[in-house]
Amino acid sequence: MDSNSVNLVEFIPAVYRASLEGKPLYECDSELGKVKVVDVERVNCRSLLIGDQFAACMELASGKSIFRQISHMEKTYLKELPEAPRCLVIGHGGGLMHKAILEAKPNATVVSIDILPELFFVAREYFKCPANVVCIEGDGLEKTKELLGGFDLIYMDAFVDKEHN
């Protein structure tokens with residue numbers, strides 16, 4: 001599958017629906033609902049679902065995200081960063097943005113914050129998130145206030161649900 005040659009407006013909802021019936025690889029309970037990792041064989045991808053949210057989807061062949069914002073970041077903003085940037089990602093998900101940053105800038109320091117510690121394991125085990133990503137459990141807004149020093153890139157990919165505002 002080449003994500004540049006498909007209509008992602010139609011493709012992503014189709015993958016989400018297929019993910020609901022995909023081959024389960026991992027499942028656990030979290031404070032935001034079930035965390036599920038599933039392989040969707042008919043489109044050769046692996047999906048991460050958190051409750052009813054479609055959190056990540058990786059092409060199995062390339063190990064890259066199918067989401068256009070990550071490939072856009074790779075082609076534009078990441079190239080503009082210094083050789084050893086400090087990057088903060090709020091919302092760990094499958095760790096695919098972290099992987100994209102480190103592929104573009106191998107000397108980067110990547111710090112990730114997520115309220116669900118289960119995602120740190122899931123991202124490394126099932127989505128090939130690099131082990132050198134610094135993982136911090138907690139609320140993204142609160143933990144960001146505690147971090148010292150500036151960042152060259154802050155990427156936010158988190159959501160607030162009705163129970164956790």
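## Confidence in the model

Where pLDDT is low, the predicted coordinates should not be read in detail. Over the chain, pLDDT averages 86, and 88% of the residues score at least 70.

This is a predicted model, in which local features need pLDDT of at least 70 and side-chain atom pairs count only at pLDDT 80 or more, while totals for chains, interfaces and linings use all residues. Residues are numbered from 1 along each chain as its sequence is written, and side-chain values use heavy atoms, with hydrogens and water left out.

## The chain as a whole

The chain contains six helices and eight strands. Helices (H or I, at least four residues) and strands (E, at least two) are DSSP runs, numbered from the N terminus. Along the sequence they follow the pattern α-β-β-β-β-α-α-β-α-β-α-β-α-β.

Of the 165 residues, 45% count as buried; buried means under 20% relative accessible area, exposed over 50%, and partly exposed in between (1.4 Å probe, protein chains only). The accessible surface of the chain is about 8900 Å², and 51% of that surface belongs to carbon and sulfur atoms. Accessible areas come from the Shrake-Rupley method with a 1.4 Å probe; for residues, only the protein chains shown count as cover. Among contacts with a separation of 6 or more, 54% are between residues 24 or more positions apart.

Four strands in the order 1-2-3-4 form an open sheet with antiparallel pairing; two strands pair if DSSP finds at least two bridges between them. Strand 1 and strand 4 are at the edges and have a single partner strand each, so one side of each has no neighbour in the sheet. Neighbouring strands here are turned by 15° against each other on average, direction ignored. For such angles, axes are lines fitted to C-alpha atoms, for helices over the stretch in contact, and angles run from 0 to 180 degrees between N-to-C directions.

Strand 3 and strand 4 are joined in the antiparallel sense by six bridges, with Leu49 opposite Phe54 in strand 4. These two strands form a hairpin with two residues between them, and Gly51 in the turn has a positive phi of about 60°. Five of the seven residues of strand 4 are buried, so this strand is largely enclosed by the rest of the structure.

Another open sheet has four strands in the order 7-6-5-8, with parallel pairing. Its edges are strand 7 and strand 8 (153-156), each with a single partner strand, so one side of each is left without a neighbour in the sheet. On average, neighbouring strands of this sheet are turned by 15° against each other, direction ignored.

Strand 5 (residues 86-90) and strand 6 run parallel and are joined by five bridges. Ile90 has Ile113 in strand 6 opposite it.

## Helix 5

Which residues of helix 5 (residues 118-126) are buried? They are Leu119, Phe120, Val122, Ala123 and Tyr126. Their cover includes strand 1 (23-30), strand 2 (33-40), strand 3 (45-50), strand 4 (53-59), strand 6 (109-114) and strand 7 (134-137). Just after the helix, Lys128 has a positive phi of about 60°.

## Nonpolar cores

A nonpolar core is a set of buried Ala, Val, Leu, Ile, Met, Phe, Trp, Tyr and Cys residues joined through side-chain atoms within 4.5 Å. The largest one has 31 residues, and Leu48, Ile101, Val110 and Phe127 have the most contacts inside it. Helix 4 gives the most to this core, with five residues. Not counting residues up to four places away in sequence, Phe127 touches Val37, Arg46, Ser47, Leu48, Ala56, Met58, Gly94, Leu96, Lys99 and Val122. A second, separate core has 11 residues, including Ala18, Val40, Leu49 and Ile66.

## Lys143

Lys143 is in helix 6 (residues 140-146). With a relative accessible area of 25%, Lys143 is partly exposed. Beyond four places in sequence, Lys143 touches Ile113, Ile136, Glu137 and Gly138. The C-alpha atoms of Lys143 and Ile115 are 9.9 Å apart, and the two residues are 28 residues apart along the chain.

Conventions. Contact means heavy atoms within 4.5 Å. pLDDT is the predictor's confidence in each residue, from 0 to 100.
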